Amino acid sequence: MTIRVLVADDQQLVRTGFQMILDAQPDMEVVAAVSDGAEAVAEARRLRPDVCLLDIRMPKLDGIEVTRILAGPGVDNPLRVVIVTTFDLDEYVYGALRSGATGFLLKDSGPTLLIEAVRAAAAGDALVSPSVTVRLLQHLSQPRRAAPPPMNDPLTDRELDVVRLIARGRTNQEVAAELFVSLSTVKTHLGSIFAKLGVRNRVEIAAWAWESGVVS
């Protein structure tokens, strides 16, 4: 199965570089490479790619707004979006995660992580890499934001164990191994966590964990 990718970045060098890297993979194809957010929305709706790789700063519409349009709450059949960020400048990438992004990537991460990010998003796995996930979420979860309000249906101790591991970038298989439970049990816990937190993906679980102080 070929992973169809849309690349949106206002820098031609970045677009060309990403396209060369992804098209060189036997299981990937860049179906569109666009330079602004409005064109990204139009082409994504027309082509329905498996993964949209979006720069967070673009003309006309920025990556956060494009993400909200393509994958935000209330969107029917949302697309999978990976946000590309320079990290030090783009603290508001947190808004993109809350707008429906299923992953994020540092622009200088290199070809290996770019490929990993696209494959992870296509597979429905939001956490690209512990080194990226933990660093960014830590940066975005400083005390300047108020803690989330208490939940009506709190997480159980075991669900909190799962949340802590997800926030540290563990896969379902790794969570199962560390907690000595089956993979199906992990998936059951995840379903409950999604419902209780009102989130749609693993990035949002991780963001909630850092923001609420469950991990530090």
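## D62 and its loop

D62 sits in the loop between β3 (51–55) and α3 (63–71). Helices (H or I, at least four residues) and strands (E, at least two) are DSSP runs, numbered from the N terminus. The model is predicted: local features need pLDDT of at least 70, side-chain atom pairs count only at pLDDT 80 or more, and totals for chains, interfaces and linings use all residues. Residues are numbered from 1 along each chain as its sequence is written, and side-chain values use heavy atoms, leaving out hydrogens and water.

D62 is partly exposed because its relative accessibility is 31%. Buried means under 20% relative accessible area, exposed over 50%, and partly exposed in between (1.4 Å probe, protein chains only). The D62 side chain reaches the backbone nitrogen of E65 at 2.8 Å. D9 lies 53 residues from D62 in sequence, yet their C-alpha atoms are 9.9 Å apart.

## Packing of α2 and α3

Helix α2 (residues 37–47) packs on α3 at an angle of about 20°, with the axes 9 Å apart. The two helices are therefore roughly parallel (angles under 35 degrees). Their crossing is right-handed.

G37, A40, V41, A44 and R45 of α2 meet V66, I69 and L70 of α3; contact means heavy atoms within 4.5 Å.

## E159 in α7

E159 belongs to helix α7 (residues 157–167). E159 counts as buried because its relative accessibility is 5%. Its side chain makes a polar contact with the K196 side chain at 2.9 Å. Such a contact is a pair of N or O atoms within 3.5 Å; within protein, one must be able to donate a hydrogen and the other to accept it, and residues adjacent in sequence count only if both atoms are side-chain atoms. Not counting residues up to four places away in sequence, E159 touches P154, H189, S192, I193 and K196.

Notes: Axes are lines fitted to C-alpha atoms, for helices over the stretch in contact, and angles run from 0 to 180 degrees between N-to-C directions. Angles under 35 degrees count as roughly parallel, over 145 as roughly antiparallel, 65 to 115 as roughly perpendicular and the rest as oblique. A crossing is left-handed if the near helix is turned anticlockwise from the far one by less than a right angle, and right-handed if clockwise.
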